[in-house]
Amino acid sequence: MEIRSFEDTDTEAVVALWSAAGLTRPWNDPHEDVRRKQTVQPEMFFVAEDSGRIVGAVMAGYDGHRGWINYLAVGDDQRGTGLGRALVERAEGALLALGCPKVQLQVRPDNTGVVDFYEHLGYAQYEAVSMGKRLIED
Ligand SMILES: CC(C)(COP(=O)(O)OP(=O)(O)OC[C@H]1O[C@@H](n2cnc3c(N)ncnc32)[C@H](O)[C@@H]1OP(=O)(O)O)[C@@H](O)C(=O)NCCC(=O)NCCS
């Protein structure tokens, strides 16, 4: 098992992994999300490879104030083996190396099960209203 930065040839496997993990949404084109990440801190997009197979992925980024984790997924057959933790810790390490003081993430309201996972890893909930504005329609 190796955790390394994403390479172009991982694209279809990563999109399939996200899709199987329930992370894709009709209003987000995952291929566009991959392509865009290749233009901004691409080295902070990590995949886990096991015997040539992509079994996990996570995107991280630092905006100069906060670090963000997105698109964390582990393949069904690899869950519960510590890979999710390893991917989060890899992302945290990369953010810390840039001097990032705090990492944040968002959990969709229908994905409550994952909140316990993040709390187990030391994340705490905080009060905030999430807001967004689409700048480019995919
Ligand atoms: C969330 C997810 C990445 C966790 O991956 P995983 O590889 O199964 O997690 P790990 O095996 O690394 O678990 C790490 C620790 O969290 C604990 N844990 C895992 N899932 C948990 C849960 N639902 N509730 C509480 N603890 C949990 C494990 O027991 C383990 O504890 P330990 O390190 O003390 O032994 C995986 O379930 C997944 O891909 N889910 C679907 C996609 C998703 O929801 N992503 C997050 C989007 S915000």
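User: In which strand is Tyr71 found?

Analyst: Tyr71 belongs to strand E4. Strands are DSSP runs of E with at least two residues, helices are runs of H or I with at least four, and both are numbered from the N terminus. This is a predicted model, where local features need pLDDT of at least 70, side-chain atom pairs count only at pLDDT 80 or more, and totals for chains, interfaces and linings use all residues. Residues are numbered from 1 along each chain as its sequence is written, and side-chain values use heavy atoms, leaving out hydrogens and water.

User: Why does Tyr71 count as buried?

Analyst: The relative accessibility of Tyr71 is 15%. Buried means under 20% relative accessible area, exposed means over 50%, and partly exposed lies in between (1.4 Å probe, protein chains only).

User: What is the phi of Tyr71?

Analyst: Phi of Tyr71 is near 55°, a positive value in a residue other than glycine. Most residues other than glycine have a negative phi.

User: What makes Gln41 partly exposed?

Analyst: Gln41 has a relative accessible area of 21%.

User: How many helices and strands does the protein have?

Analyst: There are 4 helices and 5 strands. From the N terminus, their order is β-α-α-β-β-β-α-β-α.

User: Why is the protein as compact as a globular protein of that length?

Analyst: The radius of gyration, taken over C-alpha atoms, is set against the globule rule, 2.2 Å times the number of residues to the power 0.38. The protein has a radius of gyration of 14 Å, and the rule gives 14 Å for 138 residues, so the protein is as compact as a globular protein of that length. Its C-alpha atoms fill a box of roughly 40 × 35 × 30 Å along the principal axes. Buried residues make up 37% of the 138.

User: What makes a group of residues the largest nonpolar core?

Analyst: A nonpolar core is a set of buried Ala, Val, Leu, Ile, Met, Phe, Trp, Tyr and Cys residues joined through side-chain atoms within 4.5 Å. The largest such set here has 22 residues. Val58, Ile69, Leu83, Leu87, Val88, Tyr118 and Tyr123 have the most contacts inside it. At least two residues of this core come from each of E2 (45-50), E3 (53-62), E4 (67-74), H3 (83-97) and H4 (113-120). The largest share, 5 residues, is from H3. A second, separate core holds 14 residues, including Leu17, Trp18, Leu23 and Ile54.

User: Which residues does Leu87 touch?

Analyst: Contact means heavy atoms within 4.5 Å. Not counting residues up to four places away in sequence, Leu87 touches Ile3, Ala48, Gly56, Ala57, Val58, Leu72, Ala73 and Val74.

User: Why does Cys100 count as buried?

Analyst: Cys100 is at 7% relative accessibility, which is under the cut-off, so Cys100 counts as buried. Cys100 lies in the loop between H3 and E5. Beyond four places in sequence, Cys100 touches Tyr62, Arg66, Gly67 and Leu95.

User: How far apart are Cys100 and Tyr62 in space?

Analyst: Their C-alpha atoms are 6.7 Å apart, although 38 residues separate Cys100 and Tyr62 in sequence. Tyr62 is in strand E3. Tyr62 also touches other residues beyond four places in sequence, among them Gln41, Leu98 and Pro101. The C-alpha atoms of Tyr62 and Leu96 are separated by 9.4 Å, and the two are 34 residues apart along the chain.

User: Why does Gln104 count as buried?

Analyst: Gln104 has 10% relative accessibility, under the cut-off, so Gln104 counts as buried. Gln104 is part of strand E5 (residues 103-105). Neighbours within four places aside, Gln104 is in contact with Arg66, Gly67, Trp68, Ile69 and Tyr126.

User: What about Arg25: why does this residue count as buried?

Analyst: Arg25 stands at 18% relative accessibility, also under the cut-off, so Arg25 counts as buried. Arg25 sits in the loop between H1 (11-20) and H2 (30-37). Leaving aside neighbours within four places in sequence, Arg25 contacts Arg108 and Asp110.
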